[in-house]
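My notebook is open, and I have a few things to look up today.

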Amino acid sequence: MNLKDKVSIIVPVYNAGKKLEACLDSILHQSYQELEIILVNDGSTDESGKICDSYATAYKHIQVIHQPNSGPSAARNRGIQVATGKYVQFVDSDDTIHHVMTEKLVMAAKGDLVICGYQSLSSYGQTEYLPSLTGNYTFEKFRQHIGLLFKEIILPSPCNKLYRLENMRKHNITFNEGFTMGEDLLFNLDYIGTCSTIDILPEGLYKYCIHQEHSLTSSYQANFWQQQKHLLEQVSLFLEKHQCNDGANYYYMEQISLQSMINSLDHLFHNQNHLNPMEKIKEMKSLLREIVLDQNLYYKASLQDQLVRMLVRKQSILSLYLLFQVKNKLRHTPLFFQLKKLLRDD
């Protein structure tokens with residue numbers, strides 16, 4: 001670690017509007033100033049491109065790349081191509097970062113990757129996600145905690161991490177531009193496989209702003225389960241490759257599999273899904289045939305998870321249908337959020 005090492009902060013920008021200014025200001029106000037800020041304007045149709053240009057004019061260490069809309073993965077890959085720092089950090093254009101985030105990540109960087117926690121901000125309040133691990137880990141030790149960090153939602157995002165550019169270039173690690181869901185997780189698995197040591201900070205330094213209108217789940221996706229299934233398979237393949245698909249990893253992957261199934265069942269009842277009841281039941285049966293849960297494995301679960309697990313074990317398709325139908329009907333009522341808190345209470 002050297003406090004003079006340059007960090008390339010890559011920001012993919014697409015129709016971020018006024019949120020972009022708050023994002024850029026949070027980067028400019030970092031206590032760590034050895035920065036190269038790369039803004040990749042990914043075909044924005046609002047004022048985002050002009051905002052990028054105005055900031056680049058005002059600050060010499062900001063550069064702007066304008067490209068046709070190609071998605072966040074392509075934008076991040078473009079940023080990686082032109083980066084010149086020792087380290088790479090990713091920030092999304094509608095999020096902000098704590099003013100000491102970059103400094104703390106660089107100071108902690110004994111190895112090839114630094115991970116920290118984050119805050120999730122929405123109109124319903126703030127939630128903090130902190131890793132339950134801390135310190136420096138060799139890859140051999142870290143691999144035993146992949147399932148836990150995945151379960152804690154610490155593993156998937158690239159925005160709560162600091163990477164070595166040399167590792168990316170040496171191993172040709174890029175974001176898969178063919179995926180619209182889970183490409184961040186796949187990128188991180190590829191990168192983690194190259195690491196000798198990994199550092200973990202127990203602080204929430206990134207501020208992730210949830211805007212429902214921009215969420216992937218704000219629109220119905222007919223292949224939602226297929227994408228979820230692919231991600232589960234890729235994580236399992238990673239664990240098998242590195243001989244750690246057992247113990248704690250197996251324990252947590254079972255819980256993650258159940259949650260992926262619940263998310264997929266829930267998605268079937270999206271208000272943009274125009275399948276009739278019989279077609280939805282057919283889809284539910286097909287989904288349940290594709291996932292096998294270890295019914296003998298006990299773990300503490302929320303009330304919702306316990307209920308769904310029991311109904312799956314009994315193959316009570318009609319009861320599952322009614323459960324998710326009622327849940328969807330209540331989704332936009334005050335009662336839903338009270339029930340959600342109750343059902344998700346671990």
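I looked for disulfides, taking one to be a pair of cysteine sulfur atoms within 2.5 Å, and the count came to 0 disulfides. I noted that this is a predicted model, where local features need pLDDT of at least 70, side-chain atom pairs count only at pLDDT 80 or more, and totals for chains, interfaces and linings use all residues. Residues are numbered from 1 along each chain as its sequence is written, and side-chain values use heavy atoms, leaving out hydrogens and water.

For Cys159, I found the nearest cysteine sulfur in Cys23, 9.2 Å away, and no disulfide.

Next I checked burial (buried is under 20% relative accessible area, exposed over 50%, partly exposed in between, with a 1.4 Å probe and protein chains only). Cys116 has 0% relative accessibility, so I wrote it down as buried. Cys159 is buried too, at 2%.

Then I turned to helices, which are DSSP runs of H or I with at least four residues, numbered from the N terminus. In H9 (residues 224-241), I listed several buried residues, including Phe224, Trp225 and Leu239. The buried residues of H9 pack against H5, H6, H8, H10 and H11, where contact means heavy atoms within 4.5 Å. Just after H9, I spotted Gln243 with a positive phi of about 55°.

Note on methods: Helices (H or I, at least four residues) and strands (E, at least two) are DSSP runs, numbered from the N terminus.
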